[in-house]
Amino acid sequence: MSTAEQAEHGWSIDHQEKAIRSWGESQGLHVLGIFRDAGRSGRTMKRPGLLALLTLMQQRGVGVVVMKSQDRLSRAVDHSLTLRRWMHQQGSDLLFLDGAMHLRADEPRHGGDLGNQLISSLTAVLAEEEIAQLSRRILPSLGAAARAGRRGGRLPLGYQLDAGGSIAIDQHEAAILLRVVDRLRDGDGLSQIARRLVVEGVRDSRGTIVSFDRLHGALTNRYLLGDLVYAMPAEVPQDGGRTLEIQNHHQAIFDPVVFGEIQDLLRARARSAETPDQTLAKRRAGRQRQRRANRLPPSGDLLAAIAPPARPVHGAMAPEALRCAHCGGPMYASLQTVGAVGHRRRMAVYLCRFHKDRGAAFCPQPPVRCDDVDEVVAAAVIAWLRQRPGPSVQTAAPAVPTPTKAGDDLRVAESERNRLRQAMERLGELAPDILAERLAAAEATILRLANLAQREAGQVPLPQGVAWDFRRNPRATWDKLDVSGRRAVMQPMLDQVQIRDKSVVFLAVRDDDGQVHRIDGSLVEGAVP
């Protein structure tokens, strides 16, 4: 709904937060945090704000979770019941300000609260039904607006809105489509054509790169025929099947004969003979799989079910250290599809961000295989480590420690850490967030001062873990580590790595004291194989 309606009914996020804080202050409670999911659908549980709330409840414990209304928790009945059951298992109460409904964690033992339980369940059913009713009302309205010449959202490639708000052909983008069709007739594949457009720096009317996905979406869209097609849900009564088709809605770029030829070329190049009905069925099946993925299993770890998957690591060099020597922009690791048709494979490469976003006309840096760069950098770092004196381990009886300034500071820091721990234990759940932050800072200070005190006393601190193994036996440790382990070893050591074309032209590392050293060019195998 509009912003004015949200403000009038008190449903905007700011109004909800104000109501929650006012209630907390009136009850004398400490607000641990406000969690927002602006612009997220209430029919899914994979929302960052909800995930942060559940993580806090599992790690620290929450006395009561306050929401403006029942549908703020979820607009799906099964999700709402799952969340309520899980929150009660964590010992948290639920309070909905609309209706002053209080669901206690020990509710099964309070017969007087069973009415609230029933009302809450019915409210969840009504919230889900409300979403279904909105879908039934909105989609026919979209069709009516389309018949009147209005269409929302971004227009496909080749079209624009003129001064009067009507849909018109964009001559620049239409010329790009005609050029792509000519290349398809010459036997080129669509991915090959898209890459060539990026290399040549071709942009649409908004200055955006014309990607493969956008080209494929435009060339397979009947919008180019001047038709407008909406897929309608089964609940919406519609004459003529499951799709709403409006023919001659706007000016066409291709006639039906050319459009059919384009589809044949795309299918032949992809070695596929799918009919349009089969393609539509495949898309529907994909949407159904996505909807099923949003549903939760009946049991199991709730956080693991809704937490986003960890992003895979493709290269040992962290993006903070990688730089392109051509333009000075950052580089990052990504997967790229290489090989001829029928022999495609995925390969990890380092890409220049400016080359990816702005094209080869701005930065000519080509993709470089991650394995090749990693081996060159690792060989140079290993050679540099072997030239430096390693730490010696004292086998004799340790000398009597002498007082040092770092040692005095360490004792003061430990005393402060102990005081903060006692305060956290005394306050328990009522401890403010600032105490936890100060305790974490005190722990980090103690580690730093302990290291410094050992150095002032003439003792070499011996680190533990894979980083220490890499310093003692670099080549054997490097060979047995996976990509994640190699990045964990290299990230604290590398200060900057510059790549030009397929060569490592600059390499700087940090030692244990934080000093930056440039590795001599003789240790860097310049050309990447």
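**First stop: glutamine 263**

Select glutamine 263: with neighbours within four places in sequence left aside, it is in contact with Leu219 and Thr220, where contact means heavy atoms within 4.5 Å. Glutamine 263 lies in helix α9 (residues 256-269). Is this residue, glutamine 263, buried or exposed? Glutamine 263 counts as buried because its relative accessibility is 14%; buried means under 20% relative accessible area, exposed over 50%, and partly exposed in between, with a 1.4 Å probe and protein chains only.

The model is predicted: local features need pLDDT of at least 70 and side-chain atom pairs count only at pLDDT 80 or more, while totals for chains, interfaces and linings use all residues. Residues are numbered from 1 along each chain as its sequence is written, and side-chain values use heavy atoms, with hydrogens and water left out.

**The whole chain**

Now select the whole chain. It has 18 helices and 14 strands; helices (H or I, at least four residues) and strands (E, at least two) are DSSP runs, numbered from the N terminus. Of the 529 residues in the chain, 36% are buried. Among contacts between residues at least 6 apart in sequence, 57% join residues at least 24 apart.

Next, select β9 (331-338), β10 (residues 345-352) and β11 (368-369). These strands form an open sheet in the order β9-β10-β11, with antiparallel pairing; two strands pair if DSSP finds at least two bridges between them. β9 and β11 are at the edges with a single partner strand each, so one side of each has no neighbour in the sheet. Eight bridges join β9 and β10 in the antiparallel sense.

**Helix α18**

Move to helix α18 (residues 483-490), whose buried residues are Gly485, Arg486, Arg487, Val489 and Met490. What do the buried residues of α18 pack against? Their partners are β9, α13 (370-387), α16 (466-472), α17 (474-480) and β12 (494-500).

**Confidence**

Finally, colour the chain by pLDDT, the predictor's confidence in each residue, from 0 to 100. The chain has a mean pLDDT of 75, and 69% of its residues reach 70 or more. Confidence is highest in β11, at 92, and lowest in helix α1 (residues 3-9), at a mean of 44. Residues 1-10 have pLDDT below 50, and beyond near neighbours in sequence this stretch has eight contacts in the model. Residues 108-112 are also below 50, with zero such contacts. Where pLDDT is low, the predicted coordinates should not be read in detail.
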